[in-house]
Amino acid sequence: MNPGDSDGASETSSVAAKKNSKKPKCKNKRSECHAVKAMIKRTLFSTDLFYFPDSRFTQQELPACKPILTPGWVITAFICIGVIFIPIGLASLFASENVVEIVDRYDKDCVPSTYNGSMLEFIQSSETNKTCIKTLTVPKKMKQPIFVYYQLDNFYQNHRRYVKSRSDKQLRSKAFEDEVEDCKPETNANNGPIVPCGLIAWSLFNDTYGFSKNNKTIQVNKKGIAWKSDRQHKFGSDVYPKNFQQGWIGGAKLDENVPLSEQEDLMVWMRTAALPSFRKLYGKIEEDLDANQNITVVIQNNYNTYSFSGDKKLVLSTTSWIGGKNDFLGVAYLTVGGLCLFLAISFILLYVFRPRPLGDPSYLSWNKNPAGTLN
């Protein structure tokens with residue numbers, strides 16, 4: 001035998017082996033096909049890198065809750081939701097109606113008539129008198145505590161650059177006084193770091209309110225208006241204002257002798273709002289106000305909202321178990337509850353007047369249409 005013949009025979013045998021090693025085709029022999037697939041699966045998933053034992057979990061055969069939504073269950077569920085939601089909605093609306101709220105917009109009224117066409121010039125001038133006196137009438141008796149808010153509209157505290165312009169490390173500890181890289185453009189002044197730095201602190205609200213009735217001053221308590229976590233953890237007791245509002249002044253100034261942990265107006269302002277219209281707590285009045293009583297408010301109109309067409313409002317409000325005045329919550333509960341009851345009644349009528357057996361195969365599309373026909 002020639003060596004070439006042996007090489008040819010070996011090549012022929014290797015080709016035959018490769019052909020025989022190919023994955024067998026499963027045409028009609030189901031059992032053989034499943035056996036081959038199982039063998040391939042064991043080969044793939046029983047290697048040294050991965051090991052997935054053949055179990056009910058890997059085969060997704062664990063017991064599961066598969067409820068059958070019969071008409072009875074669906075109608076019962078809708079009735080239960082309606083019966084629960086409607087009383088909650090009525091209670092929420094009733095609580096909201098008991099909240100007494102006074103809202104007064106003053107940004108335009110507190111500008112002299114001579115500056116009606118140039119409000120921005122009025123607010124930016126250091127020579128104009130910013131004092132404004134307004135009278136508010138109490139519609140119904142307001143029981144203490146009465147919360148005093150300032151409301152700003154069209155002020156986008158949620159702008160990305162504005163929100164990022166702060167240094168939480170600097171606010172928390174004196175050791176991080178020089179951590180101002182995130183506070184641009186309000187970082188340094190007088191060859192030193194600004195404390196607190198950033199645009200949020202720089203734009204601190206600086207309008208003030210004074211209240212009186214019958215020539216008697218009403219005290220506004222400004223303690224405890226910030227979150228406890230802010231007072232104890234986020235604003236350090238060893239951090240004092242430094243180089244703040246030097247040069248281009250944006251908002252209120254801070255007392256350099258008082259640590260940030262006691263400057264609650266700053267803490268309230270530093271919690272940025274998610275929406276362009278928001279309220280922030282100014283203080284609390286801890287005495288009752290009688291119905292039809294006139295309250296004199298002395299406002300220092302200092303904050304510039306005229307450059308971006310913003311509005312300023314003074315808000316006095318009581319609270320209830322749902323918080324402040326909020327009709328939306330009650331209306332939402334009533335709407336969902338009423339819709340569920342309507343659907344429950346509709347399904348009952350449909351089930352009574354046009355019943356059909358559960359799981360009737362005659363409603364299947366291939367049973368409704370004869371073979372070869374279109375819808």
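**Ground rules.** I am reading a predicted model, where local features need pLDDT of at least 70, side-chain atom pairs count only at pLDDT 80 or more, and totals for chains, interfaces and linings use all residues. Residues are numbered from 1 along each chain as its sequence is written, and side-chain values use heavy atoms, with hydrogens and water left out.

**Disulfides.** I found two disulfides in the structure (pairs of cysteine sulfur atoms within 2.5 Å). Cys132 bonds with Cys110, the sulfur atoms being 2.1 Å apart. Cys110 sits in the loop between β1 and α4 and Cys132 in strand β2, so the pair ties together parts 22 residues apart in sequence. Cys110 is buried too, at 5%. My other pair is Cys183 with Cys197, at 2.0 Å between sulfur atoms.

**The sheet.** I traced an open sheet of four strands in the order β2-β10-β6-β7, with antiparallel pairing. Strands are DSSP runs of E, at least two residues, and helices are runs of H or I, at least four residues, numbered from the N terminus; two strands pair if DSSP finds at least two bridges between them. The edge strands are β2 and β7.

**Val297.** I looked up this residue in strand β10, and Val297 is buried at 1%. Its contacts (heavy atoms within 4.5 Å), leaving aside neighbours within four places in sequence, include Cys132, Leu136 and Phe211.

Key: Buried means under 20% relative accessible area, exposed over 50%, partly exposed in between (1.4 Å probe, protein chains only).
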